[in-house]
Amino acid sequence: MATDTYAGEIHIIDGPDDDYYLCRDTLFREPLGIDFEWNREFKGQNNPIALIQIATPTNGVLLFRCTPGEGLHPVARDALTCPNGKKAVCGFDSRDKKKLMEAFGIEIPPQSLVDVSKVAQRRGMHKTGLKAICRELGFNIFKPNYPNFHQWSGRLRKSQIRYAASDAWFPLLIAAEWGLTDIDSLRQSQGLVYARLVPSSENGFV
């Protein structure tokens, strides 16, 4: 079965000093989609955030790689902490909040979050994870269940890069489909289009 994935531009940002102007010019449009990854945790572990994904409707997705002891990229910090810029996310919980505070000393303003998982609950959906919501909308996204996939601090495979970008971009798409963000008017006024969805075999999900 074909798997839907984000197929637009993806930029990997290595460290807080990497590609400042690229990041600034990519994230100047709102709303955004966000997600976070950390290495798989076993009992008693508390691994720090290893990757922060920030997606735009059409300008691409930025993957900010995070190293313990280093600061957060200033553009990512500004995007996450801006109280007015809307950010779509799926399942932002106390664990995400705790890890952001521990690693970078920041908190995302609650009024800026559009959590599609919570909206799905209010819409009466029994399963409110990203894969289930996407399936409800007709998308079959890639969600791996093998344990070694979720190791984010080393060299990233092509499948991990596409997966990480999709995890930030699909909440943005869901928010637009449900009328929670104003992407349609932005697209009409500036000629923007959604990123393409393509079978996984073309993007390394094999």
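Guide: Tyr6 is buried, with a relative accessible area of 1%; buried means under 20%, exposed over 50%, and partly exposed in between, computed with a 1.4 Å probe on protein chains only. The model is predicted, so local features need pLDDT of at least 70 and side-chain atom pairs count only at pLDDT 80 or more, whereas totals for chains, interfaces and linings use all residues. Residues are numbered from 1 along each chain as its sequence is written, and side-chain values use heavy atoms, with hydrogens and water left out.

Trp169 is likewise buried, at 2% relative accessible area. Ring pairs join Tyr6, Phe139, Trp169 and Phe170 into a cluster. Rings of Phe, Tyr and Trp (its six-membered ring) pair if their centres lie within 6.5 Å; planes under 30 degrees apart count as stacked, over 60 as edge-to-face, and the rest as tilted. The whole structure contains 10 aromatic pairs. In the pair of Tyr6 and Trp169, the ring centres are 5.3 Å apart and the planes stand at 45 degrees, so the pair is tilted. This pair connects distant parts of the chain, 163 residues apart: Tyr6 belongs to the segment before β1, and Trp169 to helix α6. Helices (H or I, at least four residues) and strands (E, at least two) are DSSP runs, numbered from the N terminus.

Another aromatic pair, Tyr20 with Tyr21, is edge-to-face, with 5.2 Å from centre to centre and 90 degrees between the planes. Here Tyr20 is partly exposed at 37%, and Tyr21 is exposed at 56%.

A nonpolar core is a set of buried Ala, Val, Leu, Ile, Met, Phe, Trp, Tyr and Cys residues joined through side-chain atoms within 4.5 Å. The largest has 34 residues, and those with the most contacts inside it are Ile133, Trp152, Trp169, Phe170 and Trp178. At least two residues of this core come from each of β3, β4, α4 (116–122), α5 (130–136) and α6 (158–177). Helix α6 gives the most, with 11 residues. A second, separate core of 25 residues includes Ile49, Leu100, Ile106 and Ile108. In soluble globular proteins, nonpolar side chains tend to be buried together.

Trp178 also has a charged neighbour: the charged end of Arg123 sits over its ring, 4.2 Å from the centre. Such a charge is counted if NZ of Lys or CZ of Arg is within 6 Å of the ring centre and within 35 degrees of the ring normal.

The strands form an open sheet of six, in the order β1-β4-β3-β2-β5-β6, with mixed pairing. Because β1 (10–14) and β6 (113–115) stand at the edges with a single partner strand each, one side of each is left without a neighbour in the sheet. From one strand to the next, the twist averages 25 degrees; axes are lines fitted to C-alpha atoms, for helices over the stretch in contact, and angles run from 0 to 180 degrees between N-to-C directions. Two strands pair if DSSP finds at least two bridges between them.
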